[in-house]
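Please look over the sequence and the structure first.

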Amino acid sequence: MSYKYRVHRVKNARFPAGKPVYAISLTSSGNATLEDIKKEIQDMCSFTRGDITGVLENLGYVIAKCLGRGETVTLDGIGTFSASGGLKKEVDDPDSITGNSIELKRICFKPCPKFKAMVEEHIQFEQYK
C-alpha cells in the first residue's frame with residue numbers, strides 16, 4: 001500500500017505574477033491497528049501477543065505520565081514526544097494568566113533521524129485517481 005497524493009496549485013505570495021507554484025496533499029491508504037502491530041511484532045520475535053499488549057499499553061501510560069510531569073520523552077531509535085499548550089481563551093492582562101488559564105493543545109512527535117530513514121526506506125507515493 002502507499003500514500004495517495006493530489007496535486008493542487010497554491011498562490012505564491014512572494015511572486016504573485018510569477019510562475020505557478022504547486023503543492024501536494026497526502027491521504028493514507030489505511031490504518032494499522034494495535035492488533036495489526038501486535039501480530040507483526042509477534043511474527044518477528046518470541047513474545048506472545050499478551051506480552052506485547054502489556055508492554056504497549058504500559059508504554060502509552062508511562063509516556064502520558066511523563067508528559068504530565070512536564071518532561072519530554074525520548075525513545076531511542078523512534079523519536080521524542082512533547083506537549084504543546086495554549087491559552088483556553090483570549091486574555092487582556094498578562095498578569096491574569098495562571099496555570100488554570102492554560103490547556104493542552106497537542107502532543108507533538110519529532111522522529112529521530114534513524115526512524116525517519118527507516119520510514120523513507122518503506123514509503124511509497126501514488127497519485128490519487
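The model is predicted. Y3, V7, Y22, I24, L26, V119, I123 and F125 make up a nonpolar patch on the surface, while S2 and S101 count as buried.

**Nonpolar patch**
- Together, the residues of the patch have about 740 Å² of accessible area.
- Two or more patch residues come from each of strand 1 (3-10) and strand 2 (21-27).
- The largest contribution is that of strand 2, which gives three residues.
- V7, one of the patch members, lies in strand 1.
- The relative accessible area of V7 is 45%, so V7 is partly exposed, a class that runs between 20% and 50%.

**S2**
- S2 is placed in the segment before strand 1.
- S2 counts as buried because its relative accessibility is 8%, and the buried class lies under 20%.
- A polar contact of 3.2 Å joins the side chains of S2 and E126.
- Apart from neighbours within four places in sequence, S2 contacts S29, Q124, F125 and E126; among these, F125 is also a member of the nonpolar patch.

**S101**
- S101 is found in the loop between strand 4 (79-87) and strand 5 (102-111).
- With 17% relative accessibility, S101 is under the 20% cut-off and therefore counts as buried.
- When residues up to four places away in sequence are not counted, S101 touches G86, L87, K88 and S96.

Key
Residues are numbered from 1 along each chain as its sequence is written. This is a predicted model: local features need pLDDT of at least 70, side-chain atom pairs count only at pLDDT 80 or more; totals for chains, interfaces and linings use all residues. Side-chain values use heavy atoms; hydrogens and water are left out. Patches are made of residues with over 30% relative accessible area and no salt bridge: like charges are joined within 9 Å, nonpolar side chains (Val, Leu, Ile, Met, Phe, Trp, Tyr) within 5 Å. Accessible areas come from the Shrake-Rupley method with a 1.4 Å probe; for residues, only the protein chains shown count as cover. A salt bridge is a side-chain nitrogen of Lys or Arg within 4 Å of a carboxyl oxygen of Asp or Glu. Helices (H or I, at least four residues) and strands (E, at least two) are DSSP runs, numbered from the N terminus. Buried means under 20% relative accessible area, exposed over 50%, partly exposed in between (1.4 Å probe, protein chains only). Contact means heavy atoms within 4.5 Å. A polar contact is a pair of N or O atoms within 3.5 Å; within protein, one must be able to donate a hydrogen and the other to accept it, and residues adjacent in sequence count only if both atoms are side-chain atoms.
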